[in-house]
Amino acid sequence: MYSASDLRKNLRLMLDDDPYIVVDFQFVKPGKGQSLYRCKLRNMLTGSQIDRTFREVDTFKPADTEEKNMQFLYKEGDSFHFMDNENYEQIALTQEQVGDAKNFLIENMECKVLMFRDRPIDITLPNFVDVLVTDAPPWIKGDTVSGNYKPVIVETGYKVSVPPFVEQGEKIRIDTRTGEYLTRVKG
Amino acid sequence: MSAQWKLEAKREALETRACVLHATRAFFLSRDYLEVETPNRIPAPLPESHIDALAAGPWWLHPSPELCMKRMLAAGYGRIFQIAKCYRGHERGALHLPEFTLLEWYRAGCDYRQLMEECEDLFLYLSGAMGISNRLTYRDREIDLSKPWERLSVKEAFDRHGSIALGKALEQDRFEEVLALEIEPRLGNLKPTLLYDYPLAFASLARVSKDNPAFAERFEIYVGGLELANGFSELTDAKEQRRRFEKENALRSKRGRPPWPMPEEFLEAISRLPESAGIALGVDRMVMLFADAASIDDVVSFTPEEL
């Protein structure tokens, strides 16, 4: 059982008999009052989003799901194809099912696919992924003022803020849980 | 994995933070307040139902310096302020850190209305020190800090901004929900708002209003939708205070939390309190305003997650 204070982004839980994932989470506490947990949740079966506000006393069951190790093979149109590492069976997920993971999926990447009663519904990526910067505004030499970030685009089409010295053609490491730049990767 | 650049990027906000701290001290010293320090580690916090203290060995980290400062007030220290690190469990969000900085001050011979005026003066002093005269820009909104600020009673706020009236909200146990989700975002967007006169059930240490006994002389400051401070005329009736603590403890038990021991020395001191008022102001959030930061994470050197 989860209690309301366990709520955080990406927690999976059962709500009205469906598996949901917390996509946005806001802790609200009016002065000296009881805590409120304002959540945006995505129904992992239908993809539809709902807003719910929970209180400290609310409890939840963990989502009734199972994780399988798979390899990402390729993307074709809006389908993302994966192979089950155990039985080599292939499955396809829609862009909606893949969600934010589409920003970091690179061919041959090992990941975990979440199954709900034999249906693939979500993906967990490695925490860190190295991606190629395919489009970056040039670095104006001498601009070393800290706090000056610039947006770049990586090979998956994802846009991310990086320090000014990162250049096109370099590889950078991204934390897939936060979507944030971590460091440049040499070689 | 180091995120050194994130720390580097905080420099401007941390400079604003230092400026806020220096100017706050200068403000209170100019008004003959004594800066005090009280222990952060105490045998037990005051019984309040919705604040969870963090353990430090067999004792507790204080959720606020209120307990010790009021004992000082009762001992004749009539103008005191403190900038203290405080600790509260289960509080983490864009406006909450489990370790945060509170500014508390207490003044004998005044009530909550005079304290409201002192808050106005403090902000004007700070904005002067920051070199922004009385115009604060927060999240693309320009907020006019000049006196007088908007004064809005809790009842009026429910009528104006809530989907249901105050009486209904209390009846349906939705007071906090309506206040936090519907009313708060609409407060303090043109000028700061002083929200005042809270229903008695939501003011565990405040004096009952002389004009309306269903309310307590408590107020909160809102600037740009941020709740910044909680102040009140001090309750000086030890018997009434004991009853309220017992009620808070009962609420804790209902939530499955252990009750706190009765703070006997504190209750004894309460009966010797002069007529006075006191307030706790979130320093981190005040820095957020002057640094135009969206999250409390942006105005502290390290969040717990970054350690």
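In which sense do β4(A) and strand β5 of chain A pair, and over how many bridges? I looked this up before anything else, keeping in mind that the model is predicted. The two strands, β4(A) and β5(A) (residues 49-55), run antiparallel and share seven bridges. I picked out one bridge pair: Arg38(A) has Thr53(A) of β5(A) as its partner. Between β4(A) and β5(A) I found five residues, and the two strands make a hairpin. In that turn, Gly47(A) has a positive phi of about 80 degrees.

**Entry: domains of chain A**

I went on to how chain A is divided. I noted domain 1 (2-62), domain 2 (66-124) and domain 3 (128-185). The centres of domain 1 and domain 2 of chain A, taken over C-alpha atoms, are 25 Å apart.

**Entry: a residue in chain A**

I picked Ser79(A), which sits in strand β8 (residues 79-84) of chain A. Is Ser79(A) buried, exposed or partly exposed? I found 14 C-beta neighbours inside 10 Å, so Ser79(A) counts as partly exposed. Leaving out residues up to four places away in sequence, Ser79(A) touches Ala92(A), Leu93(A) and Thr94(A). I also checked Ser79(A) against Glu56(A): 23 residues separate them in sequence, and their C-alpha atoms are 40 Å apart in space.

**Entry: where the chains touch**

How many residues does each chain bring to the contact? I noted 20 residues from chain A and 26 residues from chain B. On the chain A side, β3 (18-28) and β4 (36-43) are the elements that give two or more residues. β3(A) gives the most, with three residues. By class, I listed seven nonpolar, nine polar and four charged residues on this side of chain A.

**Entry: helix α4 of chain B**

I then followed α4(B), residues 112-129, which has 18 residues. From first C-alpha to last, α4(B) reaches 26 Å, close to the 26 Å expected at 1.5 Å a residue. Which residues of α4(B) are buried? My list reads Tyr112(B), Leu115(B), Cys119(B), Leu122(B), Phe123(B), Leu126(B) and Ser127(B). Looking down the axis of α4(B), I saw these buried residues fall within an arc of 125 degrees, so they line one face of the helix. As a reminder to myself, an α-helix has 3.6 residues a turn, so residues three or four places apart point the same way. On the face of α4(B) turned away from the buried side, I found the exposed residues Gln114(B) and Asp121(B). The buried residues pack against several elements of chain B, including α2 (11-30), β6 (99-108) and β11 (215-223). Just after α4(B), Gly131(B) has a positive phi of about 75 degrees.

**Entry: the sheet in chain B**

Notes: Residues numbered from 1 in each chain as written. Chains lettered and ligands numbered in written order. Predicted model: local features only at pLDDT ≥ 70, side-chain atom pairs only at ≥ 80, totals over all residues. Domains from an automatic or database assignment. Contact = placed C-beta atoms within 7 Å. Helix = DSSP H or I, 4+ residues; strand = E, 2+ residues; numbered from the N terminus. Nonpolar A, V, L, I, M, F, W, Y, C, P; charged D, E, K, R; others polar. Expected span 1.5 Å × (residues − 1). Buried ≥ 20, exposed ≤ 12 C-beta atoms within 10 Å, placed from the backbone. Arc of directions from axis to C-beta. Pairing = 2+ DSSP bridges.
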